[in-house]
Amino acid sequence: MDPVQLQTLLTWAAVGLITLGVGGAALIGLREAQNGARRRARLSGAVVVQTGGGGSAALAGVVSGVKRLGDRMAIQDPAQLSTIRARLIQAGWFSREAVAVYLGAKAVALLLATVATVLTVPWAISGGGGMGAILLAGGFAVAALLGPEQVIKARRRKLELEYMDGFPDLLDLLVASVEAGLSLDAAVSRVGEELSRRYVHLGEHLRFLTLELRAGRSRKEAWSSFAERLAIDDARALATMLRQSEEMGTSLGDTLTVFSEDMRAKRMLRAEEKAMSLPAKLMIPLILFIFPCLMGVLIMPAAFRISQTLMAN
């Protein structure tokens, strides 16, 4: 096979792999969106209607295959299941099949990277690709090894920002509900309904907390589990504060009021920190883009006139 045909084959193989990867990610994202919609419908008491079709059957087949592969990997390494499940819950995936789908997706990514590397190596050996082919193979390997983990980390960071933004509102609503005469458990249920309109994921965590309390789990364990699912310092501090307030018998309303004021102060400090760091962040764009344009606008007319005068003389 001559280098031109090999390059054409590799090009079409790369296009196929990219299409397969993007399509698989889109199908998995669609499945998670459907599961989230069904879960919210069940929690709200609505009737969940199962729909069928060719697209749903194809999606179910892909996810089922990835899940079976993930189940085999989970059997080989069962010690990490709890850790992976906790990380996926912190990233917003609550399904029981999330661990199997995640492990299966990692295995599929490694398989695709291996195939892409095997197809790229002859291109590099023949001299047609050179260093570019080696870098391409390395890029496939890095994407397969770090891609799924980076997706989880990025989603966790996004959700942590949402939780930190909505936590002061959560405390304000809790203070208002407790001072109005509701118990803490009833206040959590009411606040979860209100917060879900703006902070969807935080409202889902509050619904899980309400279900745990209704199931008979102790308040201390339920709030500790809530803090671990959110994985932010404010939630851990709230769980510790509620535990100490229950043990010492202090007023819950006063304790929540003080804690809410503290959270508001922290939010203001974070906003001021971002505002103070803005000039330093704008320095590099100003120097690289705006300052050269400004110097050109100011200097070019004078330089043009000087050049015209010198040429006339």
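These legends describe close-up views of a predicted model.

View 1. From the N terminus on, the elements run α-α-α-α-α-α-α-α-α-α. The chain has 313 residues, and 29% of them count as buried. It exposes about 19200 Å². Carbon and sulfur atoms supply 65% of that area. Among contacts with a separation of 6 or more, 64% join residues 24 or more positions apart.

**View 2. The largest nonpolar core holds 32 residues.** Phe167, Leu174, Trp223 and Leu238 touch the most other members. Six elements each supply at least two residues of this core: α5 (131–179), α6 (184–195), α7 (200–214), α8 (219–230), α9 (233–248) and α10. The largest share, eight residues, comes from α5.

**View 3. Phe167 and its contacts beyond four places in sequence.** Which residues does Phe167 contact, leaving aside its neighbours within four places in sequence? They are Leu202, Phe226, Leu230, Ile232, Asp234, Ala235, Leu238, Phe259 and Met263. Leu238 is also among the core members that touch the most others.

**View 4. A nonpolar patch lies on the surface.** Its residues are Leu278, Leu282, Met283, Ile284, Leu286, Ile287, Leu288, Phe289 and Ile290. Together they have about 900 Å² of accessible area.

**View 5. Leu286 sits in helix α10.** This helix covers residues 252–312. Leu286 has a relative accessible area of 38%, so it counts as partly exposed. Leu286 belongs to the nonpolar surface patch.

How values were computed. Residues are numbered from 1 along each chain as its sequence is written. This is a predicted model: local features need pLDDT of at least 70, side-chain atom pairs count only at pLDDT 80 or more; totals for chains, interfaces and linings use all residues. Side-chain values use heavy atoms; hydrogens and water are left out. Patches are made of residues with over 30% relative accessible area and no salt bridge: like charges are joined within 9 Å, nonpolar side chains (Val, Leu, Ile, Met, Phe, Trp, Tyr) within 5 Å. Accessible areas come from the Shrake-Rupley method with a 1.4 Å probe; for residues, only the protein chains shown count as cover. A salt bridge is a side-chain nitrogen of Lys or Arg within 4 Å of a carboxyl oxygen of Asp or Glu. Helices (H or I, at least four residues) and strands (E, at least two) are DSSP runs, numbered from the N terminus. Buried means under 20% relative accessible area, exposed over 50%, partly exposed in between (1.4 Å probe, protein chains only). A nonpolar core is a set of buried Ala, Val, Leu, Ile, Met, Phe, Trp, Tyr and Cys residues joined through side-chain atoms within 4.5 Å. Contact means heavy atoms within 4.5 Å.
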